[in-house]
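Dear colleague,

Please find below the structure that I am handing over to you.

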Amino acid sequence: MKKISLLGSTGSIGRQTLDIAAAHPDKIKVIGLAAGGKTLPLLADQVRIFQPELVSVPKEEDVPRLKDLLEKRGDGTSTKTKITFGETGLVEVATISGIDTLVTGVVGFLGVKPTYEALKLGTTVALANKETLVAAGSVIMPLARKHGAKIVPVDSEHSAIFQSLSGYTPADIECILLTGSGGPFRTWTKDQIRFATVDDALQHPNWSMGPKITIDSATMMNKGLEIIEARWLFDLPVEKIHVVLHAQSILHSAVQFVDGSVIGQLGMPDMRLPIHYALFHPDRIATQRVPRLNLAEIGQLSFEEPDYDKFRCLKIAKEVAREDTTLACVLNAANEVIVQAFLNGSINFHTIPDYIKRVLDRHAAQSNPTLEDILEADKWARKEALALVEGKSAVRQAPRR
Ligand code: MG
């Protein structure tokens, strides 16, 4: 029986993780859950079904709200579950003693601290929160190695690379072929993209995901963040990570080995596939929850080079990926704030890379950052990005001592 804790249980990754857990009650026991405040009724349902030991809500005032919801449902069985809150609550859920795997399905920088603390205990992390490695890869990877903790990627591309690499070492790799669908604007011209609305950008052709990552797919920042994620996960120089557009999202990524052989992983674009793999790794467990691939029905797979001029976020991220500084953390933080501003209707789609570039240009990057440096850079970048999108003139950062 595998004991798991799940952060972000009411989000897209969280719901699909619980779908798989529900299908394997003899193999998975859910011990901890953490979720956002807007979805408390769903969280209450999850608590009732899975009966975790501990559940965390975002704010203190959410604690009585969740208690109320649990009592209203009336069967009394959920009252054993302890309720905690806030960022400390998230860490508590991530570090419940005796858990085998932590699934990090939260969005954004919020995933860094709980992942850090879980790795310190040697807990396996099923990592769906790519922002953790983007912002803090230089701290997270050595920490995992030091404590002998495994990181199993849930991001579909990285799961594909991870599976393709099974049995090989980094020295066997010539390069990685990181595939990306190109999002909703793959076939749009640069001029058409200028007038893209929030609704246009939220129409992902293949994947059903949360709003932040769907916008990241439209700008292709998502692929840029995935380059950074891959470089840390697989310990590879950025020059060995090649982005290939693949409209059908069937080849989830591949590895080209030094003998010219290419091994890739294919499947339907459904996140339950990499989640299922990460939950049961290193075993292959039979499931009907994952849809089957019918190659003849799909007919054709196409591949093309990405247009870096059209997808400027991808270009910016690729440049940042080469750096071993706080710059990637700033990229991530600025992107989170600016994507939110776009979703709120405050800025136009085509200005997203301009804002990100401006925040990056103002940052005094620091080499070999500690976790504290990263937390500080994240805070600075958010403030700076917010000031920019709100039209206030931000203060140039003083050079670091
Ligand atoms: Mg991905």
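**The second largest pocket**

By class, 13 nonpolar, 5 polar and 3 charged residues make up the lining of the second largest pocket. Please bear in mind throughout that this is a predicted model. The lining comprises 21 residues, and those that lie nearest the centre of the pocket are F162, L165, Y168, L233 and F234. The space in this pocket amounts to about 450 Å³.

Three helices, α6 (130–146), α7 (156–164) and α11 (221–233), each supply at least two residues of the lining. Of the contributions to this lining, that of α6 is the most, with 3 residues. As to where the pocket lies, both domain 1 (2–153) and domain 2 (156–269 + 295–322) give residues to its lining, so the second largest pocket lies between these domains.

**The parallel sheet**

You will also find an open sheet of 7 strands, in which the pairing is parallel. The order of its strands is β4-β3-β2-β1-β5-β6-β7. At its edges are β4 (82–85) and β7 (151–153), each of which pairs on one side only. On average, neighbouring strands of this sheet are turned by 25 degrees against each other, direction ignored.

Strand β6 covers residues 124–127 and is joined to β7 by 3 bridges, the two running parallel. Within this pairing, V125 stands opposite I151 of β7.

Strand β10 pairs with β8 (residues 173–180) in the antiparallel sense, over 4 bridges. Here I173 has F257 in β10 as its bridge partner. Strand β10 is also joined to β11 (residues 262–266), again with the strands running antiparallel, and 5 bridges connect them. In this second pairing, A254 stands opposite G264 in β11.

The strands β10 and β11 form a hairpin, with 4 residues between them.

With kind regards

Methods. Residues are numbered from 1 along each chain as its sequence is written. This is a predicted model: local features need pLDDT of at least 70, side-chain atom pairs count only at pLDDT 80 or more; totals for chains, interfaces and linings use all residues. Side-chain values use heavy atoms; hydrogens and water are left out. Two strands pair if DSSP finds at least two bridges between them. Axes are lines fitted to C-alpha atoms, for helices over the stretch in contact, and angles run from 0 to 180 degrees between N-to-C directions. On a 1 Å grid over the protein atoms alone, a cavity is a set of points where a 1.4 Å probe fits but cannot get out, and a pocket is an open set with protein on both sides within 12 Å along at least five of seven lines; lining residues have an atom within 4 Å of a point. Grid points are joined across faces, edges and corners, and a volume is the space filled by probe spheres set on the points. Ala, Val, Leu, Ile, Met, Phe, Trp, Tyr, Cys and Pro count as nonpolar, Asp, Glu, Lys and Arg as charged, and the others, Gly among them, as polar. Domain bounds come from an automatic or database domain assignment.
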